[in-house]
Amino acid sequence: MLTAARETGVRARWIEADVTAWAPDRAYNLIYSNATLQWVNDHEALLPRLVSFLAPRGVLAFQVPRNFDSPSHTIARDLAKDARRADKLTNVRDWWTLREPEVYYSILEPLARRIDIWETRYLQTLEGADAVYRWVLGAGLRPFVDALEGDEREAFLAEYRARAAGAYPQRASGVTLFPFLRLFCVATRR
């Protein structure tokens, strides 16, 4: 992704770093995160830390998924409870890092002069067979898949694929509609 970003010609300094350990050597006007923070724990500590790296009136902007109550995720959690694999999937995380919009507001309120938070429900139009399965396999299913091996992994994926196809049927046109809720936040530092 960084190679592609550099090739855009956007005048920016592209850095690969662990956001929890990142310690910049200067203040920034903008810190932007797209679909990263859901993989990081302790937003109550992380967000103030990121704001502290902003120049006065600098902006922290982030976006995280909020579709964890959708079938795309509840199916995986239900399958993880199955006695055949529960011991290996007990500690697999899914949505626990994310907070409600009001919590993000409370975290940022003492640090920000302005906070805009909103949720948007996108209707993704995915094409081809097993479209939602293929979409979720790229991110949301990774922790479950990585915890399993061999036949156990394949059985989990086959069950997930079948249930996802039932929850998100492919239309006659070949398109599968996949509603996807996202939270956006833009906070301007004092």
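The lining of the largest pocket is made up of 18 nonpolar, four polar and five charged residues. Please keep in mind that this is a predicted model.

**The largest pocket**
- Its volume comes to about 1300 Å³.
- In total, 27 residues line the largest pocket, and L2, W14, I15, Y32 and S33 are the ones nearest its centre.
- β1 provides the largest share of the lining, with seven residues.

**The second largest pocket**
- Here the space amounts to about 300 Å³.
- The second largest pocket has 17 lining residues, with P65, H73, A139, G140 and F180 nearest its centre.
- At least two lining residues come from each of α6 (131–137) and β4 (175–189).
- Sorted by class, the lining of the second largest pocket holds nine nonpolar, five polar and three charged residues.

**Where α3 meets α8**
- Helix α3 (residues 71–80) and helix α8 (residues 150–167) have axes that come within 10 Å and cross at roughly 145 degrees.
- The crossing of α3 with α8 is right-handed.
- On the α3 side, the contact involves P71, S72, I75, A76, D78, L79 and A80, while α8 contributes F156, E159, Y160, R163, A164 and A167.
- This α3–α8 contact comprises nine nonpolar, one polar and three charged residues.

Key. Residues are numbered from 1 along each chain as its sequence is written. This is a predicted model: local features need pLDDT of at least 70, side-chain atom pairs count only at pLDDT 80 or more; totals for chains, interfaces and linings use all residues. Side-chain values use heavy atoms; hydrogens and water are left out. On a 1 Å grid over the protein atoms alone, a cavity is a set of points where a 1.4 Å probe fits but cannot get out, and a pocket is an open set with protein on both sides within 12 Å along at least five of seven lines; lining residues have an atom within 4 Å of a point. Grid points are joined across faces, edges and corners, and a volume is the space filled by probe spheres set on the points. Helices (H or I, at least four residues) and strands (E, at least two) are DSSP runs, numbered from the N terminus. Ala, Val, Leu, Ile, Met, Phe, Trp, Tyr, Cys and Pro count as nonpolar, Asp, Glu, Lys and Arg as charged, and the others, Gly among them, as polar. Axes are lines fitted to C-alpha atoms, for helices over the stretch in contact, and angles run from 0 to 180 degrees between N-to-C directions. A crossing is left-handed if the near helix is turned anticlockwise from the far one by less than a right angle, and right-handed if clockwise. Contact means heavy atoms within 4.5 Å.
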